[in-house]
Amino acid sequence: LDVFLPNIHASLAAAGVRHLILHSVSGVEQKLPPLAVTPLPLEQLLRSQPACEPRAAAEPGDLAVLQMTSGTSGRPKAVVLTHRNIVANLHQIEGFRPPTEPSNAAVICLLPFFHVFGFTICFQLSVLRGYRMVLVPRFDPLAVVPLLGLLEKYRPVLSLPAVPGLWIALTKHLEAGSPGTRALLAIARAR
């Protein structure tokens, strides 16, 4: 949320937004300056609703997610993912790497969930397997020392979902005695 907050300010009035529900990992929604629309924090919204089971049932072909593309060949586009798409993708991942890790094992979630890689590998697979997600809301690929500390502390089992640039930066820190080196080597051996 804190990354996109300036855009929210600029677009609220122009878009005709009447209701704005906010939530962030770091509690930024509690410190917002006045907006064109009075925001409702997600936690407050959830507390105000009676506890009940959902009544709707989803069919395999129903829309589950509008996944945005990166826009590398033009403007970003919303791709329709159905429940069937998501389940099929998870079955493919399970076929490639069956679960051998204990549930509640950690996954370091550096990748944003709005990108299909982070959404699938960090979020969906973690939910499917019951993994604990260690959320890293903002990460600088050149500042790997904090990441090495997370690796040492949580000992993630599901490899480390990351982009090639981050793997390059991590390999530069594989010197004996560096914090997190043992955990990083264990991840590399598991691949």
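Reply: Phe119 counts as buried because its relative accessibility is 12%, where buried means under 20% relative accessible area, exposed over 50% and partly exposed in between (1.4 Å probe, protein chains only). This is a predicted model, in which local features need pLDDT of at least 70 and side-chain atom pairs count only at pLDDT 80 or more, while totals for chains, interfaces and linings use all residues. Residues are numbered from 1 along each chain as its sequence is written, and side-chain values use heavy atoms, with hydrogens and water left out.

Me: Why is the pair of Phe119 and Phe123 called stacked?

Reply: Rings of Phe, Tyr and Trp (its six-membered ring) pair if their centres lie within 6.5 Å; planes under 30 degrees apart count as stacked, over 60 as edge-to-face and the rest as tilted. Phe123 is partly exposed, at 32%. The ring centres of Phe119 and Phe123 are 5.9 Å apart and their planes stand at 15 degrees, so the pair is stacked.

Me: What makes Phe113 partly exposed?

Reply: Its relative accessibility is 29%, so Phe113 counts as partly exposed. Ring pairs link Phe113, Phe119 and Phe123 into a cluster.

Me: How do you know whether Cys122 is buried or exposed?

Reply: Cys122 has 0% relative accessibility and therefore counts as buried. Cys109, at 2%, also counts as buried.
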